[in-house]
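Dear colleague,

Please find below the sequence and the structure that I am handing over to you. My findings follow directly after them.

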Amino acid sequence: MEEDSQLLARFKKGDEHAFELLVRKYKTPVFNTVYSIIGNTQETDDIAQEVFLKVYTKAGSFKGESSFSTWLYRITVNACLDELRKRKYKTISYEAEIDQEEKLKLKDVLAGKEEDITEDLRKKELQDIIQKAMNSLPEKDRIILTLKEIEGLSYNEISQIMKISLAKVKVWLFRARQKLRGKLSFLYPEE
Amino acid sequence: MSCKKFKILLSTYLDEEITKDEEEELSKHLKTCSGCARELEYLKDIKRVFFLKEKKEPSEFFETRLFAYIKDRGKQSLWERYLRAFKKPILLVLIFFLLTVGLLNYKKFFYQRPAELTSDLLIDTQLEENFEEELLAVYYEPPR
């Protein structure tokens, strides 16, 4: 498979097919990042489109100071932040969003075996609960958790995307996880 | 090292971003600190939560829509590109035009307008009528 830098170079020379290959490779990561930060499936497609449109129009100005994927994730995160600020999203009250029944379901799933969650319905319910917990976090925490836990990026990549030091990545990630744990505190009855 | 710092290390340990020295220190600490050992289990659970979170796929026609969208927006951005490319010359022409118009009207504004104003103010209609009558009296004798 061709390297991103090669595909980008081909696209800069006017090869539209190279751009299509980049879209094919990154559409799912971009989509998942947007969905995890925005928490709304209906808008995710539109924002992901805006991201690729930006890549299409700004590719000429990308000088390769970072890898293509880092640049793409930065565009994605910025697009999400723009959207959140534009629509003045506020953190959703978690308690208002998640009910006792849902809490028990997640608790059961986590306590049980993997096979228990293979049923589509339960899986969907679980996704909703996790996403609701994510939605209730401040945007900074949502972004860092998404980049690490959903996209599996390294600390170095996260620091470049979020333009923060490595030390900050470590601290922010730890705090974000603690906050999420707070939201899912019903999983830890002994506390 | 305090427990607070060890807790941050727990997070880096789970992400496999910990150095060897840090890992050694951490494992020593975990043997003696039950609080941090418990914290490690909680953090593992949080990671498991994300492991359970399935990846979503974009809609079926995402690419088709995207390329149509790019084609459509591309037309607009072509204009934007032209505008951006010719921004400086357009600005220069505009400044030159404004300066020329300004200079041409400069005289009218500063010289003609005061003249109109002074003549308006200085004209005394009564005096002018008397003057005309006097002129008539000098140059034309009234018929006898």
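Is Glu16(B) buried or exposed? In this predicted model, Glu16(B) is exposed, because 9 other C-beta atoms lie within 10 Å and a residue with 12 or fewer is counted as exposed. Glu16(B) is located in the loop between helix H1 (3-14) and helix H2 (20-32) of chain B. Although Glu16(B) is not a glycine, its phi is positive, at about 60 degrees.

Lys163(A) sits in the loop between helix H9 (155-162) and H10 of chain A. Lys163(A) counts as exposed because it has 9 C-beta neighbours inside 10 Å.

Regarding the contact between the chains, 33 residues of chain A meet 30 residues of chain B. On the side of chain A that touches chain B, at least two residues each are supplied by helix H2 (16-38), helix H3 (41-58), helix H7 (120-135), helix H8 (139-150) and helix H10 (166-183) of chain A. Sorted by class, that side of chain A comprises 20 nonpolar, 5 polar and 8 charged residues.

Finally, I would draw your attention to Gln6(A), which belongs to helix H1 (residues 4-12) of chain A. Gln6(A) is partly exposed, since 13 other C-beta atoms lie within 10 Å. In sequence, Gln6(A) and Ala18(A) are 12 residues apart, and their C-alpha atoms are 8.7 Å apart in space.

With kind regards

How values were computed. Residues are numbered from 1 along each chain as its sequence is written. Chains are lettered from A and ligands numbered from 1 in the order in which they are written. This is a predicted model: local features need pLDDT of at least 70, side-chain atom pairs count only at pLDDT 80 or more; totals for chains, interfaces and linings use all residues. Two residues are in contact if their C-beta atoms, placed from the backbone, lie within 7 Å. Helices (H or I, at least four residues) and strands (E, at least two) are DSSP runs, numbered from the N terminus. Ala, Val, Leu, Ile, Met, Phe, Trp, Tyr, Cys and Pro count as nonpolar, Asp, Glu, Lys and Arg as charged, and the others, Gly among them, as polar. A residue is buried if 20 or more other C-beta atoms lie within 10 Å of its own, exposed if 12 or fewer, and partly exposed in between; C-beta atoms are placed from the backbone.
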